[in-house]
Amino acid sequence: MPYTSINHLKLHYEEVGEGVPIVFLSGLTQEVRSWRLQVNFFTERGFRVITYDTRGQGGSDKPDDPEAYAFSRHVDDLYGLLDHLRIDRAHLVGLSHGGAVAQWAALHSPERVSALVLADTMAYVTPIFRKIFLGLIHAVEAGGNLLRFDVALPWLFSDRFIEANAPLLDTLRDSSRDQPEGPILHLLRASLAHDLRNRVGEIVAPTLVLCGALDLLTPLSAARYIHKRIKGSELVILPECGHVSSIEAPEPFNREVLKFFLKIFPRL
């Protein structure tokens, strides 16, 4: 597993393929392996795909300082990794928390973002979202990551997916047991500071907004809010799909992202 030191922090990343670079930005409690179906799809189509574990997750370092999880730190990590890989510009595909980081990154250094895909995310923390995340924080404090997983699950996937994928979800639940609780708490608490409602309209990168039609955590209203404010953005709704659309509906997710890239950059 390749690592690099960025901002005095060890970051685990993976790089596959050649061509136009795409960086996939994970949601909370996700790791590089969560993007396996996207990595295979896009490398087979001539892209250079980069995934990495967000600080506090997977094989990357997990600082004890809560301040280390601010969105500005995540942006520094992203651009530090691109510098390490000698990439000037890249497509960014962010899911959930990763979509929030992608928004901050696109505002921080717009010249480095070729195109932006914001999947199942929001421009700011709504009162309902805050209550949900406070509940997840209380779950970790009361019963650890297993209770947090059980509380979060209904918000993440559709009924149909949960019913049809019990073995997969059992595996994900078991793997959550090994995640350190401190960094998860820091990530959850830091995410509550996300508020770009007065700035998201400043994003100039060509933008695709994706949302599962059955997303309960960051619902269609949140996607429409972003779409309405980013000039020229596109909105695609994935039917019968919950919050983690890249896992629940990988084929339409990949197809829509690829179609968007080819529309914006037809010579790819």
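**Pockets, rings and buried loops**

Biologist: How much space lies in the largest pocket?

Modeller: In this predicted model, a pocket is an open set of points on a 1 Å grid over the protein atoms alone, with protein on both sides within 12 Å along at least five of seven lines, and its lining residues have an atom within 4 Å of a point. Grid points are joined across faces, edges and corners, and a volume is the space filled by probe spheres set on the points. For the largest pocket, the space comes to about 950 Å³.

Biologist: Which residues of the lining lie nearest the centre of the largest pocket?

Modeller: Residues are numbered from 1 along each chain as its sequence is written, and side-chain values use heavy atoms, with hydrogens and water left out. As the model is predicted, local features need pLDDT of at least 70 and side-chain atom pairs count only at pLDDT 80 or more, whereas totals for chains, interfaces and linings use all residues. The lining has 42 residues, and those nearest the centre are Leu28, Thr29, Gln30, Ser34 and Ile247.

Biologist: Which elements give two or more residues to this lining, and which gives the most?

Modeller: The contributing elements are helices H1 (36-43), H3 (97-108), H4 (127-156), H6 (166-176), H7 (181-191) and H9 (245-248). Helices (H or I, at least four residues) and strands (E, at least two) are DSSP runs, numbered from the N terminus. With seven residues, the element that gives the most is H4.

Biologist: How do the residues of this lining divide by class?

Modeller: Ala, Val, Leu, Ile, Met, Phe, Trp, Tyr, Cys and Pro count as nonpolar, Asp, Glu, Lys and Arg as charged, and the others, Gly among them, as polar. By that scheme, the lining of the largest pocket holds 20 nonpolar, 17 polar and five charged residues.

Biologist: Which element gives the largest share of the lining of the second largest pocket?

Modeller: The second largest pocket has a volume of about 160 Å³, and its lining includes Tyr124, Phe129 and Tyr225. Two elements, H4 and helix H8 (220-229), each give two or more residues. By class, the lining has 10 nonpolar, two polar and no charged residues. The largest share, three residues, comes from H8.

Biologist: How many aromatic pairs are there?

Modeller: Rings of Phe, Tyr and Trp (its six-membered ring) pair if their centres lie within 6.5 Å; planes under 30 degrees apart count as stacked, over 60 as edge-to-face and the rest as tilted. By this rule, the number of aromatic pairs is 11.

Biologist: What is the angle between the planes of phenylalanine 41 and phenylalanine 42?

Modeller: These two rings form an edge-to-face pair, 4.9 Å centre to centre, with an angle of 75°.
Both residues are buried, that is, under 20% relative accessible area, where exposed is over 50% and partly exposed in between (1.4 Å probe, protein chains only). The angle asked for is thus 75°.

Biologist: Why is the pair of tyrosine 124 and tyrosine 225 classed as it is?

Modeller: The ring centres are 5.2 Å apart and the planes stand at 65°, so the pair counts as edge-to-face. The pair links distant parts of the chain, 101 residues apart, with tyrosine 124 in the loop between strand S6 (113-119) and H4, and tyrosine 225 in helix H8. Tyrosine 225 is buried, at a relative accessible area of 19%. The class is therefore edge-to-face.

Biologist: Which residue has its charged end over the ring of tyrosine 225?

Modeller: A charge sits over a ring if NZ of Lys or CZ of Arg is within 6 Å of the ring centre and within 35 degrees of the ring normal. Arginine 45 has its charged end over phenylalanine 41, 3.6 Å from the ring centre. Over tyrosine 225, at 3.5 Å from the ring centre, sits the charged end of arginine 229.

Biologist: What volume has the largest cavity?

Modeller: A cavity is a set of points where a 1.4 Å probe fits but cannot get out, and one cavity of 30 Å³ or more is counted. Its lining consists of Leu25, Ser26, Tyr52, Thr54, His74, Gly98 and Val101. The volume is about 50 Å³.

Biologist: Is aspartate 120, with its positive phi, buried or exposed?

Modeller: Aspartate 120 lies in the loop between S6 and H4, and its phi is about 50° although it is not a glycine. At 1% relative accessibility, aspartate 120 counts as buried.
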